[in-house]
Amino acid sequence: MPGRLLVTGFGPFPGVPRNPSARLAERIARHPRLRLLLAEAPELLVLRTAYAAIPAQLEPALARDPAAVLMIGVAARAKRVRVEFRALNRASRLFPDASGGTARRLALDPEGPPQRKSPAAERARLAMRRRGLDAARSREAGRYLCNAGYYRTLAEGKPAIFLHIPLPPPPARRGPRRPRALDLWTQAGIEAALALLRGAPVAAAARPA
């Protein structure tokens with residue numbers, strides 16, 4: 001198994017004061033199964049839900065050269081975990097981020113391609129489904145920070161996927177024997193992470209000085 005995995009989630013943003021993607025990212029990054037299997041403990045990064053977080057937080061983490069990247073965000077209208085197959089070079093100026101700002105322009109990168117696809121997305125989705133975990137294919141990651149961060153990450157050419165999770169159901173709606181949504185999503189995230197890493201190149205061993 002190759003080296004380090006970067007796991008990202010997001011902090012709160014307007015309308016979602018407690019973002020479940022941050023908690024899920026932490027659960028996955030700290031999970032004993034991944035810590036036992038991987039040569040290095042996964043790196044956890046909870047991004048501020050602001051466009052400034054991409055150069056300030058995400059790009060430095062990518063510069064540390066992770067073997068693969070698992071990104072997680074929340075989609076209020078989602079009914080199940082969605083695997084995002086691509087990110088678009090587009091942003092919406094209608095929805096402010098957590099700092100109150102909006103995208104400066106409609107194109108995330110005026111010199112970039114119209115879209116970037118994840119070659120690892122289908123491999124990760126199938127890995128989840130083989131474990132009996134519901135995972136849907138999604139054509140795009142929207143026009144907000146999820147898409148912007150994913151577009152930037154895919155530029156690195158590393159195995160990377162973005163998972164969108166629904167908002168958790170209210171506690172009163174959970175039956176006594178029904179598995180918690182967060183537990184199921186954690187399993188899905190771990191299977192996706194392992195599928196990503198199986199497709200990542202193995203880092204060369206350091207030569208003695």
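**Before starting**

This is a predicted model, in which local features need pLDDT of at least 70 and side-chain atom pairs count only at pLDDT 80 or more, while totals for chains, interfaces and linings use all residues. Residues are numbered from 1 along each chain as its sequence is written, and side-chain values use heavy atoms, with hydrogens and water left out.

**The whole chain**

Display the chain as a cartoon. Its secondary structure consists of six helices and eight strands; helices (H or I, at least four residues) and strands (E, at least two) are DSSP runs, numbered from the N terminus. Along the sequence, they follow the pattern β-α-α-β-α-β-β-β-β-α-β-α-β-α. Of the 209 residues in the chain, 50% are buried. Here buried means under 20% relative accessible area, exposed over 50%, and partly exposed in between (1.4 Å probe, protein chains only).

Among contacts (heavy atoms within 4.5 Å) with a separation of 6 or more, 79% are between residues 24 or more positions apart.

**The largest nonpolar core**

Select Leu5, Leu70 and Ile161. In the largest nonpolar core, which has 64 residues, these three touch the most other members. Helix α6 (residues 181–198) contributes the most to this core, namely eleven residues. A nonpolar core is a set of buried Ala, Val, Leu, Ile, Met, Phe, Trp, Tyr and Cys residues joined through side-chain atoms within 4.5 Å. In soluble globular proteins, nonpolar side chains tend to be buried together.

Now centre on Leu5. Not counting residues up to four places away in sequence, Leu5 touches Leu34, Leu38, Pro42, Glu43, Ala68, Val69, Leu70, Ala193 and Leu197.

**Helix α3 and the residue after it**

Select Ala53, Ile54, Leu58, Ala61 and Leu62, the buried residues of α3. Viewed down the axis of α3, they fall within an arc of 105°, so they line one face of the helix; the arc is that of the directions from the helix axis to the C-beta atoms. Their cover includes β1 (5–10), β2 (43–47), β3 and α5 (145–154).

Move on to Asp65, in the loop between α3 (53–63) and β3 (68–74). Is Asp65 buried or exposed? Asp65 counts as exposed because its relative accessibility is 52%. Its phi is near 60°, a positive value in a residue other than glycine. Most residues other than glycine have a negative phi.

**Helix α4**

Next select Ala121, Ala124, Arg125, Ala127 and Met128, the buried residues of α4. They cover an arc of only 160° around the axis, so they are on the same side of α4. Among the elements covering them are β4 (81–84), β7 (135–138), β8 (160–165) and α6. Gly132, which follows α4, has a positive phi, near 80°.

**Ser118**

Ser118 is located in the loop between β6 (115–117) and α4 (121–130). At 6% relative accessibility, Ser118 is buried. Its side chain reaches the backbone oxygen of Ala160 at 2.5 Å. Setting aside neighbours within four places in sequence, Ser118 is in contact with Phe85, Tyr150, Leu154, Ala160 and Ile161.

**Ile165**

Which strand holds Ile165? Ile165 is in strand β8, and its relative accessible area of 1% makes it buried. Draw a distance to Ser21: the C-alpha atoms of Ile165 and Ser21 are separated by 7.4 Å, although the two are 144 residues apart along the chain. Beyond four places in sequence, the contacts of Ile165 include Pro20, Ser21, Ile72, Val81 and Trp185.

**Asn19**

Finish at Asn19, in the loop between β1 and α1 (20–29). Asn19 counts as buried, at 8% relative accessibility. A polar atom of its side chain lies 2.9 Å from the backbone oxygen of Gly11, and a polar contact of 2.8 Å joins the side chains of Asn19 and Ser21. A polar contact is a pair of N or O atoms within 3.5 Å; within protein, one must be able to donate a hydrogen and the other to accept it, and residues adjacent in sequence count only if both atoms are side-chain atoms.
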